[in-house]
Amino acid sequence: MRIVVLAGGIGGARFLRGLKSTVPDADITVIGNTGDDIHLFGLKVCPDLDTVMYTLGGGINEDQGWGRTDESFTVKEELAAYGVGPTWFGLGDRDFATHIVRTQMIGAGYPLSAVTEALCDRWQPGVRLLPMSDDRVETHVAVTDPETGERRVVHFQEYWVKLRASLDAEAVVPVGAEQAKPAPGVLDAIAGADVILFPPSNPVVSIGTILAVPGIREALAASPAPVVGLSPIVGGAPVRGMADKVLAAVGVETTAAAVARHYGSGLLDGWLVDTSDADAVTEVEAAGIPCRAVPLMMTDTDATAAMARAALDLAEAAR
Ligand code: GDP
Ligand code: CA
C-alpha cells in the first residue's frame, strides 16, 4: 500500500508513528511543511521536517514533542553571552549539528530534498520524507502592535514561539509559495498513491501551506486515491498549540466541522472527528464529505494506531 501523508510538526509526526505501527509494511511518503523554516545564526532550521525525522527516528524529546532528547544548551548560552540572539528560539547543542550539516550542504549546492534525504540516512525514519518544495517559502503573520497601534508583519516562528500567539493573527501569508515548485517526487507520489492522509496537523500553517504550493492541491484533487483527514480540533479547541488564532485569520471557526468545510468536498473524501464531536458528523456529511466519529487523542502509540486504522478504513469505504 502506497500512502502519502501531508505533515506539519508534532501532530503530523505523532500520527505517523501510529500509522507506521498499524501498517508496518506500507510504503509511506511524507510531504513536509517547510513554511515554518527560519534562518537563525546563519543556519537554516526546518522545524517541521526535523520533528518528523527525530520522532520517527527515535531522537525526539518526547515531553516537548520537538527538539532532541538528552539535550544541552551550551552553544545557545555562549551566543547569549555575546549578546547574540534570538534567545526565544530553543536550539540545543545536538540540534545545532543538524542545522550545521543542512546549511553546509545547501551552501555546497544541494537542494533541500537531497539534504533531507542525507539527514534521514542517519535517522532512518522508515518513511520517505520530502520537503513540500526545494524553494524558500516562509510563513508570515500580520499583527497589530498593541503599544504603537501599528500593523507589522512577523515571521511565523516569532508569532508562535516569541509572542505565543498572544496577538490576533490578522493575516497569514506563505511568502514565496506562489513561485515555489513542488520538490522532486512530490507530484509523482501523490499521483501514484493508494491513499492520501491529512494527519491532525494545523490546517492553516502546516497543511494549508503545503496546499499553497502550486500544483499540489491540483494533484491531490486529480489523484484517484481517496483523501482522508483527521481533525486537529477536538471539542471546539486545538488539542495543543494555538490553531484557533490562525484559523480565525482565514475566517474559519475553530470546530471540527468548519475545518472539514474549509478543506472542502473537492479535496476531502473522508473526515474523522473525535467522539466528543459526534454531533458534527451530520454537518460534515451535509457538506458532501463522508464522516465518522472515533477517539482522536494521540495519548500513546496504540491509540494513535487505532486512529490511523480508522482513517484507512474510511479511505477504503470511500474508494
Ligand atoms: P506543529 O507544526 O508542531 O504545530 O504540528 P502540526 O501542524 O503537525 O500539528 C498541530 C496540530 O496538532 C494542532 O492543531 C493540535 O490541535 C493537533 N494535535 C496535537 N495533538 C493532537 C491529538 O492528540 N489529537 C488531535 N486530534 N489533534 C492533535
Ligand atoms: Ca509547524
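Me: Leaving aside neighbours within four places in sequence, which residues is Ile 196 in contact with?

Reply: The partners of Ile 196 are Val 4, Ile 190, Leu 220, Ser 223, Ala 225, Pro 226, Val 227 and Val 228, where contact means heavy atoms within 4.5 Å. This is a predicted model, in which local features need pLDDT of at least 70 and side-chain atom pairs count only at pLDDT 80 or more, while totals for chains, interfaces and linings use all residues; side-chain values use heavy atoms, with hydrogens and water left out. Residues are numbered from 1 along each chain as its sequence is written, and chains are lettered from A and ligands numbered from 1 in the order in which they are written.

Me: Why is Ile 196 called buried?

Reply: Buried means under 20% relative accessible area, exposed means over 50%, and partly exposed is in between (1.4 Å probe, protein chains only). Ile 196 has a relative accessible area of 0%, so it is buried. You will find Ile 196 in strand β9 (residues 195-198); strands here are DSSP runs of E, at least two residues, and helices are runs of H or I, at least four, numbered from the N terminus. Ile 196 and Val 30 are 166 residues apart in sequence, with their C-alpha atoms 9.9 Å apart in space.

Me: Why does Phe 41 count as partly exposed?

Reply: The relative accessibility of Phe 41 is 28%, and Phe 41 therefore counts as partly exposed. Phe 41 sits in the loop between β3 and β4 (43-45). Its phi is near 55°, a positive value in a residue other than glycine.

Me: And why does Asp 70 count as exposed?

Reply: Asp 70 has 60% relative accessibility, so it counts as exposed. Asp 70 belongs to the loop between α2 and α3, and the phi of Asp 70 is also positive, near 55°. As background, most residues other than glycine have a negative phi, and most peptide bonds are trans.

Me: Which peptide bond is cis, and what is its omega?

Reply: The cis bond joins Gly 85 and Pro 86, with omega at about 5°. Pro 86 is in the loop between α3 (74-81) and α4.

Me: What makes α2 mostly covered?

Reply: Ten of the eleven residues of α2 are buried. Among them are Pro 47, Asp 48, Leu 49, Asp 50 and Thr 51. Just after α2, Gly 58 has a positive phi of about 85°.

Me: Which protein donors does the calcium ion (ligand 2) have?

Reply: The donors are Asp 36 (OD), Asp 48 (OD) and Asp 48 (OD), at 2.0 to 2.5 Å. Donors are N, O and S atoms within 2.8 Å of the metal (3.2 Å for Na, K and Ca), and sites may look incomplete because water is not among the atoms. The two residues come from distant parts of the chain: Asp 36 is in the loop between β2 (27-32) and β3 (38-40), and Asp 48, twelve residues apart from it, is in helix α2. Asp 36 and Asp 48 are both buried.

Me: Why are α2 and α4 called oblique to each other?

Reply: Helices α2 (residues 47-57) and α4 (residues 93-107) pack at about 120°, with axes 12 Å apart. Axes are lines fitted to C-alpha atoms, for helices over the stretch in contact, and angles run from 0 to 180 degrees between N-to-C directions. Under 35 degrees is roughly parallel, over 145 roughly antiparallel, 65 to 115 roughly perpendicular, and the rest oblique; α2 and α4 are therefore oblique. On the α2 side, Asp 50, Met 53 and Tyr 54 make the contact, and on the α4 side Asp 95, Thr 98, His 99 and Arg 102.

Me: Why does Thr 98 count as buried?

Reply: Its relative accessibility is 5%, so Thr 98 counts as buried. Thr 98 belongs to helix α4, and not counting residues up to four places away in sequence, Thr 98 touches Asp 50, Met 53, Tyr 54 and Leu 119.

Me: Why are α1 and α13 called roughly perpendicular to each other?

Reply: The angle between α1 (residues 10-22) and α13 (residues 301-318) is about 75°, with axes 7 Å apart. The pair is therefore roughly perpendicular.

Me: Which residues of α1 and α2 meet?

Reply: Ile 10, Ala 13, Leu 16, Arg 17 and Lys 20 of α1 meet Thr 51, Val 52, Thr 55 and Leu 56 of α2. The axes of α1 and α2 come within 8 Å and cross at roughly 35°.
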